[in-house]
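Subject: Structure for you to look at

Hello,

I am passing on a structure that you have not worked with before. The sequence and the model come first, and my notes follow.

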Amino acid sequence: MEKMNKAFEKVKIMVGMDAEDEDQQAAALNSSNSFAFMDDFNRNCTLSTTQRLYGFAICFAAGLTCTLLSMLVFFKPIKFAIAFTLGNLLSLGSTAFLIGPKRQVTMMLDPVRIYATAIYIASMIIALFCALYVHNKLLTFLAIILEFGALVWYSLSYIPFARSMVSKIMVSCFDTEF
């Protein structure tokens, strides 16, 4: 039986999997971690630093290109919403190349930014829904405004104290007391 286990470990090494001892395998099987899928995904999708940088650069450049090209069709809200949202998705996905998909999801679901993440993702879905299924230019335009605001608020969540500063500035600018 031990020869079979050793042979199995050699096969695992040949196909690129790490050979784990039985304690680690049992712990992995018994763990009730909610990110078990992401752990498996990260383990099977390892990239070198160069590959990560290339993936980031390509994905970010494609996202930036889509976002900039969306400005050409600004007065056609349906086309604008599709291009702008695709650019946002590509740019958001580009950071997963740098820090890994598990850490990206963990950071997005952090209690500090969970609401900003939910609103940002929901606004992208609403913008695409209005553009692709409703075909109403006014609703699509409103969804784009919501998406842009959610993008700004989501981005500010990564800068310490930025959201509180922007909130105070907005309150002071729109304060109606004389």
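A residue is called buried here when its relative accessible area is under 20%. By that cut-off, 24% of the 178 residues in the chain are buried. Please keep in mind that this is a predicted model.

Overall fold: the chain has 9 helices and 0 strands. It exposes about 12700 Å², and carbon and sulfur atoms supply 71% of that area. Among contacts with a separation of 6 or more, 63% join residues 24 or more positions apart.

Nonpolar core: the largest one holds 14 residues, and L92, Y120 and Y154 touch the most other members. Helix 5 (77–99), helix 7 (114–134) and helix 8 each supply at least two residues of this core. Helix 5 gives the largest share, 5 residues. Leaving out residues up to four places away in sequence, L92 touches Q104, M108, Y120, M124 and Y154.

What is the nearest side chain of opposite charge to E147? That is R163, 17 Å away. A salt bridge needs a side-chain nitrogen of Lys or Arg within 4 Å of a carboxyl oxygen of Asp or Glu. E147 has no salt bridge, yet E147 is buried. Apart from neighbours within four places in sequence, the residues in contact with E147 are F84, T85, N88, Y120, S123, M124 and A127. Two of these, Y120 and M124, are also touched by L92.

Regards

Note on methods: Residues numbered from 1 in each chain as written. Predicted model: local features only at pLDDT ≥ 70, side-chain atom pairs only at ≥ 80, totals over all residues. Heavy atoms only, no water. Buried < 20%, exposed > 50% of the residue type's maximum accessible area, 1.4 Å probe, protein only. Lys, Arg positive; Asp, Glu negative; His and termini not counted. Contact = heavy atoms within 4.5 Å. Core = buried A, V, L, I, M, F, W, Y, C linked by side-chain atoms within 4.5 Å. Helix = DSSP H or I, 4+ residues; strand = E, 2+ residues; numbered from the N terminus. Areas by Shrake-Rupley, 256 points an atom, 1.4 Å probe, with all protein chains shown as cover.
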